[in-house]
Amino acid sequence: MMNDSLCRIIAGELQARTEQVEAAVRLLDEGNTVPFIARYRKEVTGGLDDTQLRNLETRLGYLRELEDRRQSILKSIGEQGKLTDALEKAITTTLSKTELEDLYLPYKPKRRTRGQIAIEAGLEPLADLLWNDPSHDPEAEAAKFINADSGVTDTKAALDGARYILMERFAEDAGLLAKVRDYLWKNAHLVATVVSGKEEEGAKFRDYFDHHEPISTVPSHRALAMFRAATKASCSWL
């Protein structure tokens, strides 16, 4: 994504003209600061104010970092021979770092996992069967996959392997992750309670001894305070 594309995106978000954003980007790239541009280069930027310029600078940095990461991910997946047209389109159109990393997750180099070991042991058909048709008897189907040579010594091992495969599949599903993240943001609550016997030691965190609020309303400073309380074992989360 070249500078002109970034400028069009930012212009739309700031409700400014593309040429205004392009001028501001040039000035920033030349090493000028936001206060200097806002005060002495209004005629160049078409009157962009300090707030608009700061938002522009922040967004420009985000999108440039996103683009660098995007190219790295496209190269990595391409070298693996797994870059489909649909995946490439999803990667090239996203404007979110989180979504980009979710899309890359299934292709990200990693150590051998339990799910991969289970696939190597031939348990993926069992996982697919049980997921696609829950009416099957898990124990009966798992018995068909017992193979001591592959390390699948009993039905429990077979079912555990199928679970690992499905767990990793769900954890690497970008669409599912987005839905779960959105659901939690809208519905989850952060609950903190004092650890029994830590009332005096954790007195400075007393505001969180019995605290409950939606995650979406928790400001960063309060979240950090609760993190510190949990680290010091004064409070626990539910």
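Q: Where does D102 lie?
A: In this predicted model, D102 is part of helix α7, which spans residues 97–104.

Q: Buried or exposed?
A: D102 is buried: its relative accessible area is 9%, and the cut-off for buried is under 20%.

Q: What does D102 touch, leaving out residues up to four places away in sequence?
A: D102 touches E172, A174, L177 and R181.

Q: What about S96, where is that?
A: S96 sits in the loop between α6 (85–93) and α7.

Q: And how accessible is S96?
A: S96 has a relative accessible area of 24%, so it counts as partly exposed.

Q: Which residues is S96 in contact with, beyond its neighbours within four places?
A: Y62 and L66.

Q: How far is S96 from Y62?
A: Their C-alpha atoms are 9.2 Å apart, and 34 residues separate S96 from Y62 in sequence.

Q: Switching to helix pairs. How do α9 and α11 cross?
A: The axes of α9 (residues 124–132) and α11 (residues 155–171) come within 8 Å of each other and cross at roughly 75°. That angle makes α9 roughly perpendicular to α11.

Q: Which residues meet there, between α9 and α11?
A: From α9, the residues are E124, L126, A127, D128, L130 and W131. In α11 they meet A158, L159, A162, I165, L166, R169 and F170.

Q: How many in that contact are nonpolar, polar or charged?
A: The contact of α9 with α11 has 10 nonpolar residues, no polar ones and 3 charged ones.

Q: G161, which helix is it in?
A: G161 is in α11.

Q: Is that glycine buried or exposed?
A: G161 counts as buried, because its relative accessibility is 6% and buried means under 20%.

Q: What does G161 touch, not counting residues up to four places away?
A: G161 touches A118 and L123.

Q: How far apart are G161 and R114?
A: G161 and R114 are 47 residues apart in sequence, with a C-alpha to C-alpha distance of 7.3 Å.

Q: Now Q15. What is its phi?
A: Phi of Q15 is near 55°, which is a positive value in a residue other than glycine.

Q: Where is Q15 placed?
A: Q15 lies in the loop between α1 (3–14) and α2 (18–29).

Q: Buried or exposed, that Q15?
A: Exposed: Q15 has 75% relative accessibility, and the cut-off for exposed is over 50%.

Q: How is the chain divided into domains?
A: The protein chain is divided into domain 1 (1–107), domain 2 (114–173) and domain 3 (188–237).

Q: How far apart are domain 1 and domain 3?
A: The C-alpha centres of domain 1 and domain 3 are 37 Å apart.

Q: What does UniProt list for residues 6–77?
A: The unreviewed UniProt entry gives "domain: Tex-like protein N-terminal" for residues 6–77.

Q: What is the helix and strand content of residues 6–77?
A: Residues 6–77 are 83% helix and 0% strand, and the end C-alpha atoms of the span lie 24 Å apart.

Q: And which UniProt annotation covers residues 133–231?
A: That is "domain: Tex-like central region", again from an unreviewed entry.

Q: How much of residues 133–231 is helix, and how much strand?
A: Over residues 133–231 the chain is 49% helix and 11% strand. The end C-alpha atoms of residues 133–231 are 44 Å apart.

Technical notes. Residues numbered from 1 in each chain as written. Predicted model: local features only at pLDDT ≥ 70, side-chain atom pairs only at ≥ 80, totals over all residues. Heavy atoms only, no water. UniProt positions renumbered as here; feature names shortened; annotations may be inferred. Helix = DSSP H or I, 4+ residues; strand = E, 2+ residues; numbered from the N terminus. Domains from an automatic or database assignment. Axes fitted to C-alpha atoms, helices over the stretch in contact; angles between N-to-C directions. Parallel < 35°, antiparallel > 145°, perpendicular 65-115°, else oblique. Contact = heavy atoms within 4.5 Å. Nonpolar A, V, L, I, M, F, W, Y, C, P; charged D, E, K, R; others polar. Buried < 20%, exposed > 50% of the residue type's maximum accessible area, 1.4 Å probe, protein only.
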